[in-house]
Amino acid sequence: MKHAIYQMEIIPGDPEGNRRKIKRWVEETARTENPDVIVLPEMWTTSYTLDELEKLADRDGEPSLSFLQEVAKANHVHIIGGSIPNMKNGNIYNTSFVVNKAGELVYQYDKIHLVPMLNEPAYLTGGTEKVQLFELDGVKMGLIICYDLRFPELARSLALKGAEVLYIVAEWPKARGEHWKALQIARAIENQFYVVSCNCVGTHDGVEFSGNSMVVDPWGNTLKLGSEQHEETLIESIALENVKTFRNDVPIFTSRVPEMYEL
Ligand SMILES: NC(=O)CCC(=O)C(=O)O
């Protein structure tokens, strides 16, 4: 399953400009690389322009959802649609959409854990729906958003449901860049699935974002690591049969003793 990750420099506060940028990038990447799955970063319409979100947020997912559906269908590629600020019933959520190559919405998720270090709780509302699996080409997948990475219970719940791949879409600051890399490797090893992440680069409001988008295999090997500073495209294929092989080699899911844990 071939992935193209867009480690993007988001234009702050310019949803239209970012849509144009993504459309051009998807067309070029689909033509030259023919990936199965494309991955975008967190809050790609606006970045953390929190003061402006009342005005700039999508309304019930629009226009970004229709945009992602059109782009996926036109370029015949599945899209893990990063996330966007999304106004619903008067509250703004950090919402992710996954659309398949037929342009169908297969999953949506509102970020559960809002990040205090970026002042998210003052502007956004946390999601109230539990994470679920979705499937692309018959592969079981899960998705979390940025700060969610720090809560191992979330990734574990997806692994227990059968996830073979965990996507992480992010705007993770450089100040905590070492946590970003170490936690992804930990999540991959402890859950024995692939981790595929997309972080952005660039600086907004004094916060520098750290890139280092990653593809980590279920053994904890880093197959791909983006640069810290540059907008770039990461291309990597993942071999799903490794999930079963590694789970047989170190059978943690049959060794678990859940009645001994307080989770
Ligand atoms: N956008 C985010 O959720 C950033 C998370 C972060 O800064 C951290 O966990 O550290």
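This is a predicted model: local features need pLDDT of at least 70, side-chain atom pairs count only at pLDDT 80 or more; totals for chains, interfaces and linings use all residues.

A: Begin with tyrosine 167. Setting aside residues up to four places away in sequence, Tyr167 is in contact with Val39, Ile80, Met141, Leu143 and Val196.

Tyr167 belongs to the largest nonpolar core, which has 70 residues. Which members touch the most others? They are Ile38, Val39, Leu40, Ile80, Leu166, Tyr167 and Val169. Two of these, Val39 and Ile80, are also on the contact list of Tyr167. Strand E10, residues 165-169, gives the core its largest share, with five residues.

How far can the model be trusted here? The mean pLDDT of the protein is 97. For pLDDT of 70 or more, the share of residues is 100%. The model also scores pTM 0.97 and ipTM 0.99.

Now step to strand E9, which runs over residues 139-145. Lysine 140 sits in this strand. Beyond four places in sequence, Lys140 is in contact with Leu133, Glu135, Gly162, Ala163 and Glu164. Lysine 161 is 21 residues from Lys140 in sequence. In space, their C-alpha atoms are 8.9 Å apart.

Next, the ligand. Which residues surround it? The shell consists of Glu42, Val115, Met117, Leu118, Cys146, Tyr147, Arg150, Glu171, Trp172, Pro173, Arg176 and His179. By type, the shell divides into seven nonpolar, four charged and one polar.

Valine 115 lies in the loop between E7 and E8. Methionine 117 is found in the loop between strand E7 (105-110) and strand E8 (134-136). Their surroundings can be read from neighbour counts. Val115 is buried, because 20 other C-beta atoms lie within 10 Å. Met117 counts as exposed, because it has 10 C-beta neighbours inside 10 Å.

What does Val115 touch? Not counting residues up to four places away, its contacts are Glu120, Cys146 and Tyr147. Val115 and Tyr147 are 32 residues apart along the chain, yet their C-alpha atoms are separated by 6.0 Å. Leucine 166 is one of the core residues that touch the most other members. Met117 and Leu166 are 49 residues apart in sequence and 24 Å apart in space, C-alpha to C-alpha.

Lysine 130 also has its place in the loop between E7 and E8. Lys130 counts as exposed because 11 C-beta neighbours lie inside 10 Å.

Now a few backbone details. Most peptide bonds are trans, and most residues other than glycine have a negative phi. A cis peptide bond joins glutamate 62 and proline 63, with omega about 15°. Pro63 is in the loop between strand E3 (58-59) and helix H3 (64-75). Aspartate 60 is in the loop between E3 and H3 too. Phi of Asp60 is positive, near 45°. Asp60 counts as exposed because it has 10 C-beta neighbours inside 10 Å.

Asparagine 212 has a positive phi as well, near 55°. Its loop lies between strand E13 (207-210) and strand E14 (214-216). Is Asn212 buried or exposed? It is buried, because 23 other C-beta atoms lie within 10 Å.

Last, the whole chain. An unreviewed UniProt entry annotates residues 1-240 as "domain: CN hydrolase". Over residues 1-240, the chain is 31% strand and 25% helix. The end C-alpha atoms of this stretch are 8 Å apart.

Conventions
Residues are numbered from 1 along each chain as its sequence is written. A residue is near a molecule or strand if its C-beta atom, placed from the backbone, lies within 6 Å of it. Ala, Val, Leu, Ile, Met, Phe, Trp, Tyr, Cys and Pro count as nonpolar, Asp, Glu, Lys and Arg as charged, and the others, Gly among them, as polar. UniProt positions are given in the numbering used here, feature names are shortened, and annotations may be inferred rather than shown by experiment. Helices (H or I, at least four residues) and strands (E, at least two) are DSSP runs, numbered from the N terminus. Two residues are in contact if their C-beta atoms, placed from the backbone, lie within 7 Å. pLDDT is the predictor's confidence in each residue, from 0 to 100. A nonpolar core is a set of buried Ala, Val, Leu, Ile, Met, Phe, Trp, Tyr and Cys residues joined through C-beta atoms within 7 Å. A residue is buried if 20 or more other C-beta atoms lie within 10 Å of its own, exposed if 12 or fewer, and partly exposed in between; C-beta atoms are placed from the backbone.
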